[in-house]
Amino acid sequence: MKAVHKIKSERRERKKRGKLKLFQEMISLTSGIVSHECLFLNRNPRIHLCNRRNPNFLIIQSSSSLQEVKKSSSSEERDLEREFYSAVPFPPIKARKRVVLVRHGQSTWNQEGRIQGSSNFSVLTQKGESQAETSRQMLIEDTFDVCFTSPLIRSKRTAEIIWDARKEVMIPESDLREIDLYSFQGLLKHEGKEKYGDAFRQWQIDAPNFNIDGHYPVRELWARARNCWDKILSHEGKSVLVVAHNAVNQALVATAIGLGTEYFRVLLQSNCGVSVLDFTPQAENKSPHICLNRLNQTPNSPIAPTSSAGRKSSKRIILVCQPSTQGNIETTFPSSLDGPLNMLGVIQSQKTAELLLDMKVSSVISSPRIASTDTAMAISKVQEAADCLGADCVPRFVEMKQLKDLEVEPILQQSKKDATESSLLQPGWLNSFEDGIRTEIWSQSEKTWKSLLDDLSEESEVERNLVVVGHPAVHIALIGHCLNLTKEWMGSFHLNAGSISVIDFPDGPAGRGVVRCVNYTAHLGRWSIPVTRSPVNDEEF
């Protein structure tokens with residue numbers, strides 16, 4: 001028996017030495033990715049590996065000195081690469097920082113369907129200028145300390161329109177240019193298909209492994225975006241505007257919350273879409289906590305008929321966060337009372353119902369809570385009056401359902417945390433709850449997600465749109481399941497009362513969900529959530 005234990009012990013030691021060797025090889029290769037104190041191994045001898053289920057990410061050097069790294073063949077090495085990428089820290093910050101990302105307005109090459117990449121020949125169309133002006137109006141009350149912008153004309157012009165008469169500095173940053181697509185750049189999409197055949201097909205369906213002219217564009221982009229964050233966070237400004245491009249903004253969002261290259265084209269960035277990330281300082285000079293406050297808040301309606309990542313989608317889930325209730329104290333966690341909507345909640349539900357008129361809703365599924373069912377009823381009534389309201393030529397029939405698993409309030413109420421510690425306004429507020437609470441919410445929401453996908457698979461309807469009404473906590477978990485994450489990511493997303501989030505399924509419910517927007521509140525008008533001013537500890541708000 002002792003001999004068996006000895007053999008097992010020796011195997012574990014060999015495995016540990018193998019991992020350490022692989023780590024050391026990665027460290028030598030990533031010197032171009034991280035510029036802050038170069039590597040966390042020197043700063044903290046205790047290597048902390050996040051056991052997040054990140055997608056397979058290939059570690060490469062920055063685009064100025066590219067080096068391709070052979071993909072590891074063993075699953076253990078691939079897992080280690082993912083853990084390593086998640087563990088590379090962001091530079092510590094001393095105060096809260098909010099970063100607002102904006103994609104440029106429509107360009108001439110967008111309009112023509114031409115592949116732009118990092119080329120600098122297209123300019124904003126009249127529509128693009130108008131979109132940028134709409135973004136300017138949307139951000140006119142917001143205060144920024146600095147603007148980082150891509151040097152490319154279409155992005156720089158968008159930044160100039162939004163920045164307008166502000167006197168603060170604008171900083172052109174080369175690493176914010178669009179993805180480098182080499183020989184593809186300038187081609188119409190049908191020309192790319194005809195000229196490059198299989199390579200173009202791989203670009204469409206397997207972009208992270210797409211290779212052209214000896215380069216892996218998406219992998220290079222992820223490394224470049226990760227480099228950008230060091231520069232952005234090192235700036236002393238607390239409110240930062242970044243104006244760039246579709247792919248690079250996707251990469252900035254993904255690398256901020258620890259997602260790898262397989263999330264390319266999953267987190268949409270529409271023309272002049274706004275995404276917001278909150279960075280909260282941590283003790284002992286650790287990496288800040290990073291939370292996606294909103295994704296792709298656009299000048300246009302997020303549920304208007306359109307395509308997702310260039311593909312039409314006939315199946316969709318719209319997550320509607322339960323509006324404010326009479327049991328709420330607006331700056332703390334909701335009361336345990338199952339109360340009706342307060343006046344603000346009634347307005348939020350009506351505004352949401354009005355927004356959803358742009359789409360034929362097949363079914364409204366709600367939590368059994370009073371506020372959720374009242375919101376579902378408001379949406380259903382407006383849908384059924386679509387003909388009277390001029391949104392359709394015939395009345396719409398809407399199926400209404402209640403789903404017990406959408407009710408997570410009883411789980412949250414088991415927490416021993418003080419209500420003020422669990423404020424719904426705090427970035428990553430779910431992290432303040434005990435692990436057991438978050439585990440229970442995650443497990444229950446997994447069953448909910450499977451139920452929704454089964455409902456969406458109804459074959460009798462070619463186009464099927466589900467509206468799901470519930471508590472922000474369950475919707476955050478559902479977004480996590482859509483992205484195939486783990487419960488550790490629940491603190492990486494934020495949702496406000498009355499907001500909507502949209503998930504498209506261009507390949508059907510069995511395929512991957514594409515997140516069109518998260519925490520969209522523009523439809524609430526004067527009651528929408530400010531873009532740059534966090535309501536946390538804000539008496540005026």
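1. Is helix α15 (residues 472–482) largely enclosed by the rest of the structure or exposed? Eleven of its eleven residues are buried, so α15 is largely enclosed by the rest of the structure. Buried means under 20% relative accessible area, with a 1.4 Å probe and protein chains only.

2. The model is predicted: local features need pLDDT of at least 70, side-chain atom pairs count only at pLDDT 80 or more, and totals for chains, interfaces and linings use all residues. Residues are numbered from 1 along each chain as its sequence is written, and side-chain values use heavy atoms, with hydrogens and water left out.

3. The chain has 541 residues, of which 56% count as buried. It holds 15 helices and 14 strands; these are DSSP runs numbered from the N terminus (helices H or I, at least four residues; strands E, at least two). Among contacts with a separation of 6 or more, 76% join residues 24 or more positions apart, where contact means heavy atoms within 4.5 Å.

4. Back to α15: its buried residues include Pro-472, His-475, His-481 and Cys-482. Their cover includes the helices α13 (409–412) and α14 (435–456), together with the strands β9 (315–321), β12 (464–470), β13 (500–504) and β14 (514–520). After α15 comes Asn-484, with a positive phi near 60°.

5. The largest nonpolar core has 84 residues, and Trp-203, Trp-229 and Leu-277 touch the most other members. Such a core is a set of buried Ala, Val, Leu, Ile, Met, Phe, Trp, Tyr and Cys residues joined through side-chain atoms within 4.5 Å. Helix α9 (residues 217–234) gives the largest share, eight residues. At least three residues come from each of domain 1 (87–297) and domain 2 (307–520), with bounds from an automatic or database domain assignment.

6. Leaving aside residues up to four places away in sequence, Trp-203 touches Ile-179, Leu-181, Phe-184, Phe-210, Val-218, Phe-264 and Arg-265. A second, separate core of 21 residues includes Ile-303, Leu-355, Leu-357 and Ala-386.

7. The axes of helix α7 (residues 189–196) and helix α8 (residues 198–205) come within 6 Å and cross at roughly 125°. Axes are lines fitted to C-alpha atoms over the stretch in contact, and angles run from 0 to 180 degrees between N-to-C directions. Lys-189, Gly-192, Lys-193 and Tyr-196 of α7 meet Asp-198, Ala-199 and Phe-200 of α8.

Definitions and conventions: Buried < 20%, exposed > 50% of the residue type's maximum accessible area, 1.4 Å probe, protein only.
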